[in-house]
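Please read these points with the model open beside you. They cover a pair of helices, the ligand site and some backbone details.

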Amino acid sequence: MNNSIAELRDALRQASSIAALTGAGISAESGVPTFRGPNGLWRNYSPEKLATPQAFAENPRLVWEWYDWRRGIIRKAQPNAGHVAIAELERRKSGAADPPDGLPDHSGFTLITQNVDGLHDRAGSQNILKLHGDLWIVQCTGCGATELNEEVPLQGDLPPRCRCGAWLRPAVVWFGEPLPAEVWGRAVEASGRAKVFLVIGTSAAVYPAAGLAEVARRAGSRLAIVNPEPTPLDQVADWVLRGPSGELLPRLL
Ligand code: OAD
């Protein structure tokens, strides 16, 4: 294990393909609470209690209000230097690799995120695999139609209803639900192709997302962790950079 920013910077420069897995920690410096951090609780509910189909079935209004609270925070937040550095890394590595299987990802950089906040998009990242969906999109629990949250009239009873009459829910993945298959497939493919796999701002506690690091490692990728706290992946990582991603990621460029 190594904590040299300079060596990781060289490895990133030389790598024909990079994948990055991000979690809530990359948005912490934007003022968005992480799930397992000190401000992760809302009205004393843990995310595991609220982000489930059961919670929505029992108390859809409560779950909808939790997402509204989060959307309110995120709407006022700005992408931080960590998000911007990831977008810049993508620009620099674009076109660097030509995947042998010819899949549509033609860049040498793949961003895989567990975040639903949209801050990577706002920082300019293009090629984003959103494993857990997007909190700015809502989906009908009946007909499956999706639309932007901003276009849903929010007066009256919550959750709002679709034109078909059924409740709308955020288009995110809840505990116990499968990840979107196509996105997951592309994430596995990019992880297997990576020469360096970055794990940024995630507790690496939630599977299958955290398993992508293992997919990458088994395929011969080197692993780098960026996190102010220890993670379960540190012991198998090639680099562990301890600190906030908003400070460390710009230094990797
Ligand atoms: P967590 O809240 O579990 O972990 C946040 C991680 O960010 C921790 O490891 C912190 O040490 C780290 N962190 C805090 N501040 C940081 C900073 N400034 N820079 C870098 N890292 C920092 O969030 P996730 O790992 O994203 O899933 O959680 C995974 C999933 O569990 C989420 O996508 C969500 C959640 O419940 C679903 O809702 C399905």
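1. Helix α7 (residues 181-193) and helix α8 (residues 211-218) pack at an angle of about 40°, their axes being 7 Å apart. The two are therefore oblique to each other; angles under 35 degrees count as roughly parallel, over 145 as roughly antiparallel, 65 to 115 as roughly perpendicular and the rest as oblique. Axes are lines fitted to C-alpha atoms, for helices over the stretch in contact, and angles run from 0 to 180 degrees between N-to-C directions. Helices (H or I, at least four residues) and strands (E, at least two) are DSSP runs, numbered from the N terminus.

2. This is a predicted model, in which local features need pLDDT of at least 70 and side-chain atom pairs count only at pLDDT 80 or more, while totals for chains, interfaces and linings use all residues. Residues are numbered from 1 along each chain as its sequence is written, and side-chain values use heavy atoms, with hydrogens and water left out.

3. One of its oxygen atoms is 2.7 Å from an N or O atom in the side chain of N227. A ligand oxygen is 3.2 Å from a polar backbone atom of G201, and a ligand nitrogen is 2.9 Å from a backbone N or O atom of S245. The ligand alone exposes 790 Å², of which the protein buries 90% (accessible areas by the Shrake-Rupley method with a 1.4 Å probe).

4. Most peptide bonds are trans, and most residues other than glycine have a negative phi. A cis bond joins L158 and P159, with omega about -10°; P159 lies in the loop between β5 (146-148) and β6 (168-172). Another cis bond joins Y207 and P208, with omega about 10°; P208 is in the loop between β7 (196-200) and α8.

5. R43, in the loop between β1 (18-22) and α2 (47-50), has a positive phi, near 45°.

Notes
Polar contact = N/O pair within 3.5 Å; in protein donor to acceptor, adjacent residues only side chain to side chain.
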